[in-house]
Amino acid sequence: MNELKHVLRLTLIEKKDVAIAIFFGFIAGAASVALMGSSGYLISKAALTSHMTTLVVMAACLKLFGFISALSRYGERLYSHRATFTMLSHLRVSFFDRLAPLAPGIFGKYRSGDLLSRIVGDVESLQNFLLRVFYPPVVLGIVFLSTIFFSSFFSMGIAAVMFIGMLLTVIVVPALFSIRKRRTDGQTRAKRGSLAIEATEFLYGFRDLKIHQQLNAKEQQLANDAVQYNESQRKEGLEENLAQSINSMVALLVSFFVLGVGAYFVAAGELNGLYLAMLVMISIAAFENVAPMAAFPAYFEESRKAAVRLEEIVAEPAAPRGTEQLPEGPLDIKLTRASFSYPGEKKAAVDDVSLHLKPGTKTAIVGPSGSGKSTLMQLLLNVFPLDHGQLSIGGMPAEKLQQESIWQKMNVVLQENHFFYGTVRSNLLIADPEASDEKMERALAKVQLELFPLSMAVEEKGQNLSGGQKQRLAIARALLKGKSLWLLDEPVSSVDSLTGQAIYEELFQQGKGDIFVAISHDLAGLEKMDQIIVMENGRIVESGSYQELMERKSHFHQLKQVENSVFA
Amino acid sequence: MNDLKQLAFQRKNIMAFLAAASLLKGIATIGQALFFVFIADRVFLQNAAFESLLPLFGGLFAAILLRVMAGYAIGRAGVNLAADVKNEFRTNLIKSFAENPLLSAAQGQSGQKVSLLMDAVDEVDGFFSKYIPQMIQTYIIPLLLLVVIFTQNWTTGVIILITAPFIPVFMAMVGKGTKKKADEKMEQLNRFSGTFLDILQGLSTLKLFGQAEKQQKAIRKSSLSFRDSTMEVLKSAFLSSLMLEYISMLSIGIVALEIGLRLVVFDSISFFTAFFILILVPDFFNLLKDFGSAFHTARGSVSAAKQLGAELEKKHSPLTWGNEAVAPEPPHLSLEGLSFQYGEGFELAPFNGEIPPYSQVAIVGKSGSGKTTFMHLLAGLLPQSQGHLMINGVPRETVSEKSWFDQLSYISQNPYLFAGTIRENMEIGANRQVNDKEVLAAAEKAGIAEMISTLEQGFETLVGEAGRGLSGGEKQRIALARAFLKKPSLILFDEPTTGLDLRTEQILQASLRELQKTSTVITVAHRLHTIKNADIIFFLENGKLEAAGSHDELLQNYGPYKEMLAVQQGGGVR
Ligand SMILES: Nc1ncnc2c1ncn2[C@@H]1O[C@H](COP(=O)(O)OP(=O)(O)OP(=O)(O)O)[C@@H](O)[C@H]1O
Ligand SMILES: Nc1ncnc2c1ncn2[C@@H]1O[C@H](COP(=O)(O)OP(=O)(O)OP(=O)(O)O)[C@@H](O)[C@H]1O
Ligand SMILES: [Mg+2]
Ligand SMILES: [Mg+2]
C-alpha cells in the first residue's frame with residue numbers, strides 16, 4: 001500500500017467528490033436491495049390479501065426505491081469518475097514537475113518509449129485505483145452489513161448464510177485470485193513498456209533501419225513484442241473472467257442457500273412464509289454487484305505496479321540547487337580547478353580545468369573528439385555539479401545560484417539541438433515568447449534562412465530540415481534570446497564555410513561586448529579569437545592567443561601542421 | 001461500427017459459439033427462475049414438507065451451474081475474440097509503419113503513432129470483449145424470455161413489447177451525441193502522447209530557454225481538458241443508463257401493477273405465475289441495460305478504430321522495385337533527367353550525369369542546396385518524380401531491392417544509434433555474421449577502436465538511449481564503422497567528417513582510400529581535401545546541378561567553385 005501513498009494523496013485532494021461518491025454508492029446499493037425486497041414482499045402479500053390499499057402503498061414504495069436507486073447510482077458514477085479523472089490530471093502534472101529537474105540525466109537511465117508508456121499508460125491505468133480498488137469495497141461492505149443486519153430480524157440462519165457469502169465473495173475469492181496473480185504477475189505492465197520502447201525506437205531509428213535493411217528484422221521483433229503483450233493481456237482477461245464467474249456463482253449459490261434455509265425454517269414453522277420471497281430477493285439484490293469484487297486483486301496489483309513504475313523514475317532527489325539570482329550587467333565566468341566525471345565512469349571527462357572568461361572576449365575551444373569540450377561547456381552552463389573545483393559567475397559561486405537564472409543569461413547552441421513538432425514560428429518563440437514576426441524574420445535573415453516563412457511546418461525533430469538548416473535555426477533561436485553570454489558547440493559544423501563565416505561575422509557584430517565561447521574543429525580563422533584553449537583528454541593542455549600558441553610551437557602548432565597536411 | 005462488426009463476424013466459429021452459449025444461458029436463466037418459484041410456491045402456499053423439495057433444489061442448483069458456466073464461456077470467448085482482433089490490428093499497424101516510405105515516416109509525431117499502437121488498440125478491446133458478447137446475448141436471451149412470458153401471461157408480453165422499443169431508440173439518440181465527444185477524447189489522448197514525447201526529448205532545450213514551467217502549464221491544461229472531454233463522454237453514458245433505468249423501471253412498474261391487479265382484484269392469475277413473471281421481467285430489462293452500457297464502451301472502441309483506420313489507410317506511394325539482381329561489383333550509374341520534389345516544397349531539378357564504377361564523386365554546395373536529398377535519391381530511398389536512375393543500364397525500378405541494398409552502404413548525415421551495445425550498433429551495417437576480428441578492424445578504420453578499448457566493457461558497452469553517453473564525434477565514428485564492416489561496392493557518405501578532429505580525419509582518409517580500391521564512393525563534403533581528389537565534383541545550388549567536373553576543370557571554368565575554395569582556405573572560424 002505504501003507505493004500507492006502518493007496516488008492516494010492525490011486522490012484525496014478531491015475529498016468531497018470521493019465522500020459524495022461513497023455516500024451515493026451506499027444509497028444506491030441500499031435502495032436497490034430495498035426495491036427487490038419490497039417487490040418480493042409485495043407479491044407474497046398480494047397472494048394472501050385482497051386489500052387494494054396494501055398493494056398501492058407497496059407499489060408506491062417500489063417506485064420510490066427505484067427512483068432513489070437509479071438517481072444515486074448516477075450521482076455515484078459521476079462523482080467517482082470526476083474525482084478519478086481529476087486525480088489523473090494531478091498525477092500527470094505532478095509527475096512532469098518532478099521529472100523536469102531530472103533532465104538530462106534521466107535519459108541515461110530510461111528510454112523515451114519507457115517514459116512515454118509510464119506517463120501515459122501507467123497513469124491511465126491508475127484510474128482503476130479509485131474506481132475499482134479504493135471505494136467499491138467500502139460501499140459494498142456498508143451495503144452488505146446493513147442488509148445482513150436487516151435480515152437478522154427475520155431469520156438469524158439466513159443472516160448467517162449471507163454473512164458467509166459476503167466473506168466468500170469479498171475476501172476469500174479475491175484473496176485466492178490475488179495469490180494466483182502474485183505468481184504470474186508484473187508481466188503485462190512490463191510487456192506493455194517494452195512494446196512502447198521498441199515501437200518508439202523503431203520510429204526514431206526508421207531511416208537507419210531502412211538504409212541498413214534491418215526494417216524486416218526489427219518489424220518482426222516488434223510484432224513479436226506485440227503478440228506477447230497481447231497474449232499477456234489475454235491471460236489477464238481470462239483470469240478476470242474466471243474470477244468474476246466464480247464470484248457470481250458464489251453469489252447465486254448464496255441466494256440458493258437463502259432459499260434452502262428459508263424453506264427449511266418455513267416448513268419447520270420458524271419463519272413466516274410471507275417473508276421468504278422478500279429475503280430471497282434481498283440476497284439476489286445484495287449480491288448482484290459483487291462480481292466486480294473478484295477483479296479487485298487484479299486492479300489492486302495493477303495500480304500498485306503502475307504506482308511503483310511511476311515512483312521509480314522520479315524517486316531520486318534532484319541535486320539541491322541554489323536560489324539566488326544573477327546580478328544585471330556584464331558578467332564574467334570563472335572556473336577554478338574543476339573536475340567532473342560522468343556517473344559510473346572512472347575517468348574524468350573534465351580534469352582539473354581552470355579558465356576565466358571576461359566580458360568582451362572571444363574564446364575558442366579546440367581539441368580532438370572526445371577530449372571533453374562539450375562536457376566543459378555543460379559545466380560552464382552549470383548543468384552538472386562539479387566533483388571538485390569551483391564555478392563562479394559574476395563573482396557568485398554557482399551552487400548558490402538558481403540554475404534557471406544562469407540559463408536565462410545565456411545564448412546556447414548545443415552540439416545537437418532539439419526542434420519541436422510545429423512551425424518555424426513556434427520553435428523560435430521558445431527563445432522569446434514575446435517576439436514580433438519582424439524580429440523573428442530578422443533573426444532568420446541573419447542566419448540566411450530568410451526563405452523560411454514563419455508558418456513553415458517543422459516535423460518532429462526537424463526532420464524536414466537539412467543538417468545545416470537545423471544548426472542555423474538553432475543559432476537564430478539563440479540570436480532571438482539576445483543575452484550576452486554565448487556558448488556555441490560546433491554551431492556551424494554542417495554549414496558550408498561561406499555561410500558559416502558570414503554567420504560568425506553576424507554574431508560577433510551583434511555581440512560586441514559579449515562573452516563568446518565557441519567549440520570548433522576547424523582551425524581556420526582562429527586568429528580572430530582572443531583566447532584559444534586546447535583540450536586533450538579532459539585537460540587544458542595549452543591556452544593563449546593565436547599568435548602566442550603559434551610561437552610556442554607546441555600542441556596547437558602541431559594541430560595546425562596536421563591541418564596543413566590534411567589539406568595539402 | 002459496421003467495420004468492427006464485420007471483423008467479429010469474420011470469426012464465424014467464435015460467433016457460433018457465442019450464440020450457442022447465449023442460448024444455454026437463456027435456458028438456464030429461465031430454469032433458475034422456474035425452480036425458484038416452484039420452491040417458494042410450495043413452501044409458502046402449499047406448506048410442503050422440506051424433504052419433498054429436495055429434487056427441486058437439485059434442479060435449481062443445476063440451473064445455477066449451467067448459467068454460471070454459460071456466462072463464463074461467453075466471457076472467455078469475448079476475451080479471446082478481442083485478443084485475436086487486437087493482434088490483427090497491431091500486426092497491420094506495425095506492418096504499415098514498416099512499409100512507410102521514408103518521407104511519410106518523417107511526418108507526424110512518433111508519440112502519436114506509439115499511442116495508436118498501444119492505447120488505441122487497447123481501446124478497441126471493449127467492442128469485442130464486451131459489446132459483441134452482449135449483443136449476441138441481447139439477440140437471443142430476451143427473445144426466449146419473451147416467449148416464456150407470453151405463454152404465461154400474454155398481457156405482460158404485450159406491455160413489454162410496447163415499452164421495450166423505447167430503449168434502443170433512446171440509446172441511439174444519446175449515442176449520436178456522444179459519438180463526436182468520444183472521437184474528441186480519443187484524439188486528445190493521442191495528441192497528448194505525441195506532445196509529451198516531443199517535450200520529453202526537448203526537455204533540456206526547454207529548460208535552457210526557461211520554458212519548462214510554461215510546458216508544465218501546458219501539460220496541466222491539456223490534461224484538464226482531457227479530463228473534461230472524458231467526463232463529457234462519461235456523463236452522457238451515465239445519463240443514458242439513468243434513462244434506461246427509468247424506462248425499465250416504468251415498464252416493470254406497469255407489469256407489477258397489472259399482475260397485482262389480476263392477483264388481488266380479479267384473482268385470475270396464480271401466485272406461481274405472478275412470481276415467475278416478476279423474476280423474469282427484471283432479467284429481461286437487465287439484459288437491455290447491460291447492452292446499453294456495452295454500447296457506450298463500443299463507442300470508444302469505434303472512435304479508436306476510426307483513428308487506426310485512418311492510419312492504416314494512408315496512401316503511401318512506395319518505391320517500386322523489380323527482381324533483377326545487381327552484380328556484386330561497383331555499378332555504372334547514369335542519371336537520366338532524375339528529379340524530385342518534396343510535396344509542394346523543395347525541388348531537385350532534373351539531373352543528368354554519369355558515375356562510372358570505381359569513381360570518386362564529391363557533392364558540394366551550400367547548406368540547403370539539396371545534397372542530402374540527392375543522396376537519398378541515389379540510394380533509392382526517395383521515389384523520383386521524373387527521369388531514371390540507371391544501374392548498369394537498367395532502370396532502378398527493375399532491380400531487386402535486396403540485391404541493391406546489399407551492395408550499398410549509406411552513412412547518413414545524422415546517423416541514429418540504437419539502444420544496444422557498440423558492437424550491435426556496428427553490426428547493423430553488415431549484411432552477414434561478422435567475427436570479433438572484423439569488428440575490431442572496422443573500429444580501427446573508423447578511428448574509434450582506441451576509445452572503445454578504454455571502456456570497461458569495450459564493444460559490449462551499452463550506448464544509445466539509456467546507455468552510456470558519447471561525444472558527438474564518437475557517435476559519428478561508430479556509425480562510420482558500419483560502412484567498414486560491410487565491404488559494399490557503392491558507398492554514400494553524407495558529410496562523414498563533421499564533428500571530427502583533423503587527426504581522426506587523417507586516419508579516416510587512409511581507410512577511405514582503401515575502400516575506394518573496391519568500390520565507388522560518393523561523398524557530400526565541405527572539406528577541401530575530399531573534393532580535390534574526386535574524379536567528378538557535382539556542384540549543387542538551389543537544387544540544380546550547376547556544374548560538374550574535376551577539381552581543375554571547375555577551378556578554371558566555374559567561378560562560384562573558386563569562391564568557395566577561397567573561403568575554405570582563407571578562414572573564418574567554423
Ligand atoms: N553521458 C555520458 N556518460 C558517460 N560518458 C560520457 C557521456 N558523455 C560524454 N562522455 C564521455 O566523455 C568524454 C568527453 O565527451 P565530450 O562530449 O565532452 O567530448 P567532445 O570533446 O565534445 O567531443 P566531440 O568533438 O566528439 O564532440 C568522452 O570520452 C565521452 O565518451
Ligand atoms: N523531409 C523533407 N520534407 C520537406 N522538405 C525537406 C525535407 N528534407 C529536406 N527538405 C528541404 O529540402 C532542401 C534541401 O535539403 P537537403 O537536406 O538536401 O540539403 P543539404 O544540401 O543536404 O544541406 P546541408 O548541407 O545543410 O545538409 C532544404 O530546403 C530542406 O528544407
Ligand atoms: Mg562535443
Ligand atoms: Mg545535408
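The questions below concern a predicted model, and each answer sets a value against a cut-off.

Trainee: Why is Gln413(B) called buried?
Mentor: Buried means under 20% relative accessible area. Gln413(B) has a relative accessibility of 14%, so the residue counts as buried.

Trainee: What makes Gln415(A) partly exposed?
Mentor: Partly exposed covers the range between the buried limit of 20% and the exposed limit of 50%. The relative accessible area of Gln415(A) is 26%, so the residue is partly exposed.

Trainee: Which residues are the protein donors of the magnesium ion, ligand 3?
Mentor: A donor is an N, O or S atom within 2.8 Å of the metal. OG of Ser374(A) and OE1 of Gln415(A) lie 1.9 to 2.2 Å from the ion, so both are donors. Ser374(A) sits in helix α13 of chain A, while Gln415(A) is in the loop between β6 (410–413) and β7 (422–423) of that chain; the two are 41 residues apart.

Trainee: What coordinates the magnesium ion that is ligand 4?
Mentor: Thr372(B) through OG1 and Gln413(B) through OE1, at 1.9 to 2.2 Å. Thr372(B) belongs to helix α11 (residues 371–379) of chain B and Gln413(B) to the loop between β6 (408–411) and β7 (420–421) of chain B, so the pair ties together parts 41 residues apart in sequence.

Trainee: Why is the site of ligand 1 called shared between chains?
Mentor: Residues from chains A and B surround ligand 1, so the site is shared. Among the 21 residues around the ligand, those that come nearest are Ser374(A), Thr375(A), Ser471(B), Gly473(B) and Glu474(B). The shell holds 4 nonpolar, 12 polar and 5 charged residues.

Trainee: How do you know that the span of helix α9 of chain B agrees with its length?
Mentor: Helix α9 (residues 212–266) has 55 residues, and at 1.5 Å a residue it should span 81 Å. Its end C-alpha atoms are 78 Å apart, which agrees. Just after this helix, Asp267(B) takes a positive phi of about 55°.

Terms used. Residues numbered from 1 in each chain as written. Chains lettered and ligands numbered in written order. Predicted model: local features only at pLDDT ≥ 70, side-chain atom pairs only at ≥ 80, totals over all residues. Heavy atoms only, no water. Helix = DSSP H or I, 4+ residues; strand = E, 2+ residues; numbered from the N terminus. Expected span 1.5 Å × (residues − 1). Near = heavy atom within 4 Å. Nonpolar A, V, L, I, M, F, W, Y, C, P; charged D, E, K, R; others polar. Donors = N, O, S within 2.8 Å, 3.2 Å for Na, K, Ca; no water. Buried < 20%, exposed > 50% of the residue type's maximum accessible area, 1.4 Å probe, protein only.
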